[in-house]
Amino acid sequence: MPDSIDPNDDPIDSDDVSESPAGEGANHPRARIRSFVVRAGRMGTGQIKALAELGPKFVLPFKPEALDYEATFGRQAPVVFEIGFGMGGPTAQIARALPGTDFIGCEVHEPGVGALLKLIGEQDIPNIRIFQHDAVEVLDQMIPPGSLAGVHIYFPDPWHKKRHNKRRLVQPPFVAKLVKHLAPGGYLHLATDWEPYAQQMLEVLSADPDLVNASSRADGYADKPDYRPLTKFEHRGLKLGHGVWDLVFKRKG
């Protein structure tokens, strides 16, 4: 996340490549794609209460077996997978705006999970389920291939320093993994406020042979879809003249 942004406002995601003190980097045995970076956060009383009361219903246990969407949500509906929902405000708004779609959000940070559960309870949102677990492992072991209507990744950690760019989540192997889990015609929607990362995202998505850009704009970026609300820091950034870039690509088929 950019230095000026409160990490509690929005999603925090990264390709967390472990590095040893000796600089072994990708050769380190723990080095692998991960969807998060561990950061501390405080829990409010409302979040703690929501975790205790609503967690058993809305937080799904991680199991190495395919998730049954119909059994999970009690209906048949398109399913969208979100990686790193932060404090959950946009996720809740999108789910309310699209009641005919079911949403599965992955967030490892407990304050964010508690905050989204609190919103679910306050706003009576039935079409969200949560994994408090690494999204990559959830994808690999619980999301059936070709089953998702869409994937949302909003404001992942941009890893500003050039030597850290390899830690960014949006890399060719990870995009290929996402595409495998999309249904034909399913979409990837990414957003970032860091232009160099937006450029990398556009390059990676454009290079994937199974994706097509859904935008007709000459620059390749997409207009912000109506369903994605502006975040708090996005409002602040726009007032300061900062840019935000959305990208929407669809799986061929």
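Leaving aside its neighbours within four places in sequence, with which residues is His 181 in contact?

## Basis of the model

This is a predicted model, in which local features need pLDDT of at least 70 and side-chain atom pairs count only at pLDDT 80 or more, while totals for chains, interfaces and linings use all residues. Residues are numbered from 1 along each chain as its sequence is written, and side-chain values use heavy atoms, with hydrogens and water left out.

## Overall composition

The protein chain contains eight helices and seven strands. Both are DSSP runs numbered from the N terminus, with helices being H or I of at least four residues and strands being E of at least two. Of its 253 residues, 52% count as buried. Buried means under 20% relative accessible area, exposed means over 50%, and partly exposed lies in between, with a 1.4 Å probe and protein chains only.

The accessible surface of the protein chain is about 11,900 Å², and 51% of this belongs to carbon and sulfur atoms. These areas come from the Shrake-Rupley method with a 1.4 Å probe; for residues, only the protein chains shown count as cover. Among contacts between residues at least 6 apart in sequence, 78% join residues at least 24 apart. Contact here means heavy atoms within 4.5 Å.

His 181 is found in helix 6, which covers residues 172-181. With a relative accessibility of 2%, His 181 counts as buried. Leaving aside neighbours within four places in sequence, His 181 is in contact with Leu 139, Ile 143, Pro 144, Pro 145, Gly 146, Ser 147 and Leu 148. A polar atom of the His 181 side chain lies 2.8 Å from the backbone oxygen of Leu 139. A polar contact is a pair of N or O atoms within 3.5 Å; within protein, one must be able to donate a hydrogen and the other to accept it, and residues adjacent in sequence count only if both atoms are side-chain atoms.

At the start of helix 5, a side-chain oxygen of Asp 134 reaches to within 3.2 Å of the backbone nitrogen of Val 136.

## The packing of helices 1 and 4

Two packed helices are described by the angle between their axes and the distance between the axes. The axes of helix 1 (residues 45-58) and helix 4 (residues 110-123) come within 8 Å and cross at roughly 75 degrees. Helix 1 is therefore roughly perpendicular to helix 4. The axes are lines fitted to C-alpha atoms, for helices over the stretch in contact, and angles run from 0 to 180 degrees between N-to-C directions. Angles under 35 degrees count as roughly parallel, over 145 as roughly antiparallel, 65 to 115 as roughly perpendicular and the rest as oblique.

Helix 1 contributes residues including Gln 47, Leu 51 and Phe 58 to the contact, and helix 4 contributes residues including Val 113, Lys 118 and Ile 120. Leu 54 is found in helix 1 and counts as partly exposed, at 22% relative accessibility. Not counting residues up to four places away in sequence, Leu 54 touches Val 59, Leu 117 and Gly 121. The C-alpha atoms of Leu 54 and Lys 118, 64 residues apart along the chain, are separated by 8.1 Å.

## Buried loop residues

The loop between strand 4 (148-154) and helix 6 holds Phe 155, Asp 157 and Trp 159. Each is buried: Phe 155 has a relative accessible area of 1%, Asp 157 of 4% and Trp 159 of 12%. Phi is positive, near 55 degrees, in Phe 155, and positive, near 45 degrees, in Trp 159. The side chain of Asp 157 reaches the backbone nitrogen of Trp 159 at 3.0 Å.

Thr 101 has its place in the loop between helix 3 (89-97) and strand 2 (102-106). Thr 101 is buried, with a relative accessible area of 15%. Beyond residues up to four places away in sequence, Thr 101 touches Arg 75, Pro 78, Val 80 and Asn 127. The C-alpha atoms of Thr 101 and Pro 78 are separated by 5.1 Å, although these residues are 23 apart along the chain.
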